[in-house]
Amino acid sequence: MVDAARARKLADRIQQIVAEMLERRIKDPRLGFVTVTDTRITNDLRDATVYYTVYGSDGERAETAAALESAKGVIRSEVGKQTGVRHTPSITFVMDSLMENAAHIDDLLAKARARDAEVARAAQGASPAGDANPYREPGAGEDDDLGADAGDGPDFGGHDAAGDGEDGRSGRPSS
């Protein structure tokens, strides 16, 4: 097992090598406008997965996938030469659906904005169903302690505060 920092550095280096190879050395006419987006490598440094995107139609994407598959051996040997690792990792190319995901998220955000605008339009002329201010506020003639009588002393909620067996209510003693 290798520490994660070394694996990440090797993955970044593989990504650079593959991008450079696709730009300069691989001359396959099926290769479209390819962008290497990410590279991940296993902890044992045996398998590297290279994620890429292709600008174009589905046919161009399929042709690019075939071109990358046929150039895999040349790319792997160059990765082995430039990295200097004992075992050159096998390379797998995976189409990154980044563009489709971004378009889907943009569509969802547009729908959310439209719904928010509808709610805002509906709320423009609306008024509250109950009182405008549902919270009780002490008025000019009310006490601030909300309901306690000033002359009775503290209210203990009907419990025997004096300890004389009476619970503050008229009638029989509390048990």
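This is a predicted model: local features need pLDDT of at least 70, side-chain atom pairs count only at pLDDT 80 or more; totals for chains, interfaces and linings use all residues.
A search of the whole structure finds one aromatic pair. By the criterion applied, rings of Phe, Tyr and Trp (its six-membered ring) pair if their centres lie within 6.5 Å; planes under 30 degrees apart count as stacked, over 60 as edge-to-face and the rest as tilted. Here the partners are Y52 and F93, with 6.4 Å from centre to centre and 75 degrees between the planes, an edge-to-face arrangement. The pair links distant parts of the chain, since Y52 belongs to strand 2 (residues 47-55) and F93 to strand 3 (residues 90-95), 41 residues apart.

Residues are numbered from 1 along each chain as its sequence is written, and side-chain values use heavy atoms, with hydrogens and water left out.

The chain contains four helices and three strands, and along the sequence their pattern is α-β-β-α-α-β-α. Helices (H or I, at least four residues) and strands (E, at least two) are DSSP runs, numbered from the N terminus. Of the 175 residues, 21% count as buried. The accessible surface comes to about 12800 Å², and 50% of this belongs to carbon and sulfur atoms; such areas come from the Shrake-Rupley method with a 1.4 Å probe, and for residues only the protein chains shown count as cover.

Three strands form an open sheet in the order 1-2-3, with mixed pairing. Strand 1 and strand 3 stand at the edges with a single partner strand each, so one side of each is left without a neighbour in the sheet. From one strand to the next, the twist averages 30 degrees, where axes are lines fitted to C-alpha atoms, for helices over the stretch in contact, and angles run from 0 to 180 degrees between N-to-C directions.

How do the strands pair? Two strands count as paired if DSSP finds at least two bridges between them. Strand 1 (residues 33-41) and strand 2 run antiparallel and are joined by eight bridges. Along this pairing, T35 stands opposite T53, V36 opposite Y52, and R40 opposite T49. The hairpin of these strands has five residues between them, and L45 there takes a positive phi near 60 degrees. Strand 2 and strand 3, by contrast, pair in the parallel sense over six bridges.

T39 counts as buried because its relative accessibility is 0%. Which residues does T39 contact, leaving aside its neighbours within four places in sequence? They are R8, A11, I14, Q15, T49 and V50, a contact being heavy atoms within 4.5 Å. For the chain as a whole, residues 24 or more positions apart account for 58% of the contacts with a separation of 6 or more.

I close with the charged side chains. A salt bridge is a side-chain nitrogen of Lys or Arg within 4 Å of a carboxyl oxygen of Asp or Glu, and a search of the whole structure finds eight. One of them joins R8 and D12 at 2.7 Å, N to O. Both residues lie in helix 1 (residues 4-25), four residues apart, about one turn of the helix. R8, at 36% relative accessibility, counts as partly exposed, and so does D12 at 33%. R8 and D12 also belong to a network of salt bridges that includes D38 and R40.

Another salt bridge connects R61 and E100 at 3.3 Å, N to O. R61 lies in helix 2 (residues 58-70) and E100 in helix 4 (residues 98-123), so the pair ties together parts that are 39 residues apart in sequence. R61 is partly exposed at 23%, and E100 is partly exposed at 34%.

Conventions:
Buried means under 20% relative accessible area, exposed over 50%, partly exposed in between (1.4 Å probe, protein chains only).
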